[in-house]
Amino acid sequence: MYPPQFKFQSFPVTSEMTVTGNGEIVAPPDYAQILIEVRTEGKDVTVAQQENALIMSRVIESLMALNIPREAIQTSSYSISPVYDYMDGRQVFRGYEVQNAITVKITDLSQAGTVIDTAIQNGANHVSAIQFKIESSDAYYQQALNLALVNALAKAKSMAETMQVPIQLIPIEIIEESQHVTPVPYKSAQFATQEFTTPIEQGTIPIQASVRVKFRF
């Protein structure tokens, strides 16, 4: 009697590769945020506060005269700090500094320079941040996401060709890794009264997407 015979069926061996795809869309901003400050000093804190409030009220009224709605102007910070000088190695109290900052949102980007100049002419003495942004970046992000997937597929095909192996072009896993929208910053500056219009270039905003994709080959 012969021993039983077994048949072994061989299965194709598959391997996997994981690649990262990146995509970027550059889009124009549709609004700007400008941080405008009024800083006042005085030995008497009450006097410094009153002076600051008077100037800031004048600044806000001047901005509203540019047809900027009141709801587009918001207080972002308010602080009172002691100020010291250093003389002969000693700390000498000089008074108090009152800082009042407002954030102004403008949708007419051509107004940016005029807004800054108007605020300065009415007593503001510091512009600490200007950022150009996009109100809704979802549509742009979807385009960047599509580009990221195309990029990942191209990488996988290139690697498979280099290794001379066939690849299954339908991914077995796609993971959305990140979304990144970079607002365009503008340098901070301290201003004195000036007679010219401050030039502000809005530029463009990069919107980036990244995916991690797994393929079989």
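Mentor: Start with Tyr-84: its relative accessibility is 35%, so it counts as partly exposed, a label for the range between buried (under 20% relative accessible area) and exposed (over 50%), using a 1.4 Å probe and protein chains only. Keep in mind that this is a predicted model, where local features need pLDDT of at least 70 and side-chain atom pairs count only at pLDDT 80 or more, while totals for chains, interfaces and linings use all residues. Residues are numbered from 1 along each chain as its sequence is written, and side-chain values use heavy atoms, leaving out hydrogens and water.

Now find the partner of Tyr-84: it makes an edge-to-face aromatic pair with Phe-93, 5.8 Å centre to centre and with 70 degrees between the planes. Here, rings of Phe, Tyr and Trp (its six-membered ring) pair if their centres lie within 6.5 Å; planes under 30 degrees apart are stacked, over 60 edge-to-face, and the rest tilted. Phe-93 is partly exposed too, at 34%. Phe-93 also pairs edge-to-face with Tyr-96, at 5.2 Å between centres and 70 degrees between planes. Tyr-96 has a relative accessible area of 29%, so it is partly exposed as well. Put together, the ring pairs link Tyr-84, Phe-93 and Tyr-96 into a cluster. Searching the whole structure turns up two aromatic pairs.

While you're looking at rings, check Tyr-31: the charged end of Lys-105 sits over its ring, 4.6 Å from the centre. That label requires NZ of Lys or CZ of Arg within 6 Å of the ring centre and within 35 degrees of the ring normal.
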